[in-house]
Amino acid sequence: MVELLVGVVAALTPVMQEPAQPQPQATETGVRFEQVLSIGGTAALAAQPLKVSLREWVVRNQQKASITAAGVLVVQLRAGGPVVTVVNGQRAERKEDEFFVVPAGAVLAVETGQDTAVFTVLEVQR
Amino acid sequence: MRIRFSVPLVGLMLLAGCSQHWPMYRHNVLRSGGQINGSDLSNPARVPSLAVRWTFSVPAADTVSGMSPGFRASPVVYKGRVYVGSGNGRLYALDAATGAVLWKYPAPPAAPLRSQFTCNPSSQGIASSAAIARIGGVDAVIFGAPDLSVGTNLGEGRLFALNAGTGAEIWKSQVVARVTGLTSGSTTQLHQQIGYSSPVVSGQRIYVGVADHCDNPIQKGRIMSVRLNDGTIDTSFTFCGTGTCGDSTRGGGVWSGVAALGNGVFATTGNSNNGTPEPSPNHGLSMLRLNPASGAVTWKFQPVPYSRDWDPDWAAGPNVMTASCGLLSVSTMKDGWTHAIDANSGTRRWTFPTATIPFTATDGTVHGDSRFMRAGAAWGDVFITMTGGLTVTTNLSSGYRRLHALNVCASNADRIRWILDVPGASGGTYSLGAPTVTRGIVYVGTDTGRLVAIADPSVSPAAGWRCANTDVPTANCVASGYTLVPQPAVLANVALAGSMVYNEAAIAEGRLFAATGSGNVYMLRP
């Protein structure tokens with residue numbers, strides 16, 4: 001009977017609401033290394049400047065996010081796999097520790113599920 | 001190597017439970033995952049003949065549409081009876097000798113225990129392993145589950161205490177995990193659950209963790225204290241993972257079973273960084289010791305700073321070890337790092353692999369949603385765990401199919417006792433269940449349905465040697481600056497039907513009991 005009464009009271013009580021909180025950030029990027037390097041410089045070939053950067057790109061769970069590759073990207077999924085990626089219309093499921101390449105100019109789109117995905121992104125740009 | 005126990009710790013071992021039974025998840029309140037009583041299961045000469053003696057399959061008629069009969073909870077065993085909750089929302093009591101059903105709760109045609117808010121196996125039916133206790137002179141089986149008949153009728157979580165002999169209700173607790181709506185991602189509803197957290201009984205209180213459903217969204221973690229005699233909530237005990245229990249901050253979910261030791265409650269917590277400013281206090285991603293009366297934090301170990309919290313929920317609970325070098329709380333975080341903390345002072349004894357703690361933005365480590373989630377097993381000074389090992393920063397996922405045995409009282413140089421890639425583990429994200437151990441024989445289930453018995457090299461000769469850095473070939477190991485470590489012998493490798501990644505094998509009364517994702521319970525013995 002006590003339980004029945006508790007149930008009735010609960011049914012009549014407005015559903016508990018939590019105060020809304022600020023919208024969370026969907027992604028974050030941390031730059032680990034960024035530098036313009038000079039490659040080549042032989043008699044036959046003038047030195048070529050290359051911009052090289054190493055970033056951690058974090059996409060929170062239940063998100064769709066994308067980055068445009070200014071240069072070639074060498075990407076490793078470090079945590080949160082499997083994750084679906086789309087590059088030039090090609091969908092692929094990436095596992096943890098997997099490496100993949102994104103051509104210069106392409107868009108790397110990511111769809112996360114229940115887990116936050118962490119990528120290490122090496123970008124080499126002329 | 002001899003296993004040593006210090007004299008003052010013998011009393012603690014007694015407290016931990018010398019039971020030949022397996023009366024709760026990880027066997028005892030310290031969550032040791034070990035059976036210290038000898039039997040054929042600890043005899044390396046007998047273990048190779050390990051075989052299935054009976055199988056119980058959940059009857060199809062017990063499972064309603066939309067639910068799975070698979071077991072995510074592990075069996076507990078007491079006085080010749082096996083108790084295990086199913087994903088179909090029913091708890092089964094079986095005869096340990098024959099597998100015959102003694103009773104089930106709720107018995108059909110009564111509705112099963114379930115939630116309307118489900119997203120993964122933690123929220124489907126009963127995922128919480130049970131615990132045995134005495135209530136009013138009666139043996140009782142206590143477990144957590146969602147219940148559509150209480151509160152909002154959406155599947156709020158509560159504890160149940162049943163007469164272990166008959167299955168009759170002794171009490172049903174007040175709601176301990178609130179569900180106030182079904183909108184995915186809603187930040188104005190509560191989506192709490194007991195999930196995998198198994199209750200622990202200490203004195204006249206039961207402690208159980210509360211977390212969220214699939215971070216959808218993340219909820220404020222809690223540990224609830226429930227009175228053993230009547231199932232009411234002890235409101236003088238309060239612990240919340242972030243901020244105050246009444247504010248809107250989120251995180252610090254308690255996904256696993258907490259441990260208890262007289263004057264301390266030990267827990268590990270999930271993440272708290274969901275892209276919003278850091279709450280204060282922030283007890284997320286921590287190993288904690290709490291005052292058992294008030295819930296106040298006695299000490300906190302938090303190796304991953306908020307800025308590096310990319311969701312490595314500390315899902316493997318603490319294992320409080322009565323080691324020869326003192327009382328330690330040891331556990332592997334989801335990111336693959338294993339930490340040993342002095343359980344009295346809260347000071348860090350070691351981290352494996354060695355690391356400067358707290359981790360930083362420039363140390364090359366990543367702390368994300370990896371899959372090192374299983375509780376470790378303790379045997380004297382040995383901790384057997386699924387851990388990232390020396391490749392934690394270079395080849396993290398290779399550890400998913402691997403067990404390390406760590407010498408908890410040794411120097412860092414001698415930390416690794418042995419390493420084994422468990423046969424029958426696929427190497428996928430969920431490859432291994434939680435290991436259990438009896439006198440140096442380790443039992444672990446795999447995702448392909450193998451139950452594997454492994455012998456510590458002190459009880460049966462090792463099968464060979466391998467490099468401590470598992471990416472380095474044995475022939476190059478020493479020249480590369482690493483040491484060779486034993487690769488223990490596999491004494492038995494028994495095929496079962498269904499994955500065992502959520503389950504531990506209970507070592508009780510000279511028998512081994514395993515539940516699987518296919519809805520089967522097995523009894524094995526040599």
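Residues are numbered from 1 along each chain as its sequence is written, while chains are lettered from A and ligands numbered from 1 in the order in which they are written. Because the model is predicted, local features need pLDDT of at least 70 and side-chain atom pairs count only at pLDDT 80 or more, whereas totals for chains, interfaces and linings use all residues.

## The two chains

Helices (H or I, at least four residues) and strands (E, at least two) are DSSP runs, numbered from the N terminus. Chain A has one helix and nine strands, and from the N terminus on its elements run α-β-β-β-β-β-β-β-β-β. Chain B has one helix and 35 strands.

A residue is called buried if 20 or more other C-beta atoms lie within 10 Å of its own, exposed if 12 or fewer do, and partly exposed in between, with the C-beta atoms placed from the backbone. Two residues are in contact if their C-beta atoms, again placed from the backbone, lie within 7 Å. The table sets out how these terms apply to each chain.

| B | 62% of 526 residues | 61% |

The C-alpha atoms of chain B fill a box of roughly 65 × 55 × 45 Å, taken along the principal axes. A compact globule of 526 residues would have a radius of gyration near 24 Å, and the 21 Å of chain B agrees with this; the radius is taken over C-alpha atoms, and the globule rule is 2.2 Å times the number of residues to the power 0.38.

## A sheet around strand β7 of chain B

Strands of a sheet pair through backbone hydrogen bonds, either parallel or antiparallel. In this report two strands pair if DSSP finds at least two bridges between them. Four strands of chain B form an open sheet in the order β6-β7-β8-β9, with antiparallel pairing. At its edges stand β6 and β9 (169-172) of chain B, each with a single partner strand, so one side of each is left without a neighbour in the sheet. The twist averages 30° from one strand to the next, where axes are lines fitted to C-alpha atoms, for helices over the stretch in contact, and angles run from 0 to 180 degrees between N-to-C directions.

Strand β6 (residues 131-135) of chain B is joined to β7(B) by five bridges, and within this pair I132(B) has V141(B) as its bridge partner. The two strands form a hairpin with two residues between them, and G136(B) in the turn has a positive phi of about 60°. On to strand β8 (residues 156-163) of chain B, β7(B) pairs over eight bridges, with P146(B) standing opposite G157(B). Three bridges then join β8(B) to β9(B), where A161(B) is partnered by W171(B). Eight of the ten residues of β7 (residues 138-147) of chain B are buried, so this strand is largely enclosed by the rest of the structure.

## A second sheet and the cores

Another open sheet of four strands has the order β1-β35-β34-β33 in chain B, also with antiparallel pairing. Its edge strands are β1 (51-57) and β33 (506-508) of chain B, each pairing on one side only, and its twist averages 20° from one strand to the next. Three bridges join β33(B) to strand β34 (residues 511-515) of chain B, and A506(B) stands opposite F513(B) there.

In soluble globular proteins, nonpolar side chains tend to be buried together. A nonpolar core is here a set of buried Ala, Val, Leu, Ile, Met, Phe, Trp, Tyr and Cys residues joined through C-beta atoms within 7 Å. The largest such core has 152 residues, and F513(B) is among those with the most contacts inside it, as are V76(B) and I142(B). Leaving aside residues up to four places away in sequence, F513(B) touches residues including P75(B), V82(B), A506(B) and M523(B). A second, separate core of 20 residues includes A117(A) and F119(A).

## Where the chains meet

Between the chains, 29 residues of chain A are in contact with 30 residues of chain B. The elements giving two or more residues to the side of chain A that touches chain B are α1 (2-12) and β4 (72-79) of chain A. By class, this side has eleven nonpolar, eleven polar and seven charged residues, where Ala, Val, Leu, Ile, Met, Phe, Trp, Tyr, Cys and Pro count as nonpolar, Asp, Glu, Lys and Arg as charged, and the others, Gly among them, as polar.
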